[in-house]
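Subject: Structure for your review

Dear colleague,

Please find the structure below, together with its sequence. My notes on a strand pair, its sheet and a pocket follow.

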Amino acid sequence: CYFVPFQSKTSYDDSVMIMRAIHRRIVYFRRFSAARVGTSMAEMVVALAILTGITMAVFANFSDIGSAAALERSAREMANTIRAAQTNAISVRYIAKFNQVPRAIGVHFNPSLDPRAYSTFADLQASYDWKCAPGPSGNCSDAPELIESFFIDRKARISRLLVNGAPLTAQINIIFVSPEATMYIVDNATGGILGDMLEIELEGISGRTKSVIVRTSGQISVR
């Protein structure tokens with residue numbers, strides 16, 4: 001025969017209570033783990049949203065900084081080009097391309113045709129204009145009197161030309177007559193002298209503006 005150990009009712013109840021306690025612990029742990037997983041996902045979504053916002057702000061700020069730098073650089077280069085034309089007129093510089101010393105040096109602006117371009121030219125007859133008779137290419141890139149063409153940064157453009165504060169749509173020349181580099185601001189179409197101050201306003205893609213100020217007294221500045 002087999003001996004079956006006697007188990008009292010008290011011992012049985014204790015076992016049931018222990019099993020129930022273990023079961024409750026398991027259920028609680030599962031619920032707690034599920035809640036923790038949900039919280040972690042929510043935290044991750046929030047963190048990604050914050051990171052995305054910061055990244056977008058940094059890129060937007062970087063783009064704005066790049067635009068401002070391009071605008072500043074374009075204005076400085078334009079001012080230096082105008083000063084170089086002035087210096088060439090004062091030094092009565094011989095230009096091999098024309099096999100002579102030009103009577104005047106000009107800087108030509110026509111933003112209605114190309115708001116990113118401007119050119120220096122030799123005013124061989126001191127007529128104060130540049131007719132830009134096309135060369136073999138059919139455009140002004142190899143016009144007979146052209147010295148050099150310049151293009152400002154793609155993030156900027158010439159937005160306005162103002163003479164004595166009044167905006168103009170005309171093609172405008174800055175003329176430096178040798179040997180004193182006497183300066184004139186001239187309407188290219190008529191050859192007429194317009195005023196004593198030219199403002200060349202440049203605008204960046206962010207909407208910021210920078211101006212090159214040219215005065216017939218000889219001052220050239222960036223504002």
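Glu-201 has Ser-211 of strand β10 opposite it. Please note that the model is a predicted one.

The pairing in question joins β9, which spans residues 197–204, to β10, which spans residues 209–215. Seven bridges connect these two strands, and their sense is antiparallel.

Both strands belong to an open sheet of five, arranged in the order β5-β4-β9-β10-β11 with antiparallel pairing. The edges are taken by β5 (166–168) and β11 (220–222); each has a single partner strand, so one side of each is left without a neighbour in the sheet. On average, neighbouring strands of this sheet are turned by 30° against each other, direction ignored.

Which elements each supply at least two residues of its lining? They are α1 (9–90) and β3 (146–151). Helix α1 gives the most, with four residues.

The lining of this pocket consists of Thr-81, Ala-84, Ala-85, Asn-88, Arg-93, Ile-95, Ile-105, Thr-120, Ile-147, Glu-148 and Phe-150. Sorted by class, six of the lining residues are nonpolar, three are polar and two are charged.

With kind regards

Note on methods. Residues numbered from 1 in each chain as written. Predicted model: local features only at pLDDT ≥ 70, side-chain atom pairs only at ≥ 80, totals over all residues. Heavy atoms only, no water. Pairing = 2+ DSSP bridges. Axes fitted to C-alpha atoms, helices over the stretch in contact; angles between N-to-C directions. 1 Å grid on protein atoms, 1.4 Å probe; cavity = no way out; pocket = protein on both sides within 12 Å on 5 of 7 lines; lining within 4 Å. Nonpolar A, V, L, I, M, F, W, Y, C, P; charged D, E, K, R; others polar.
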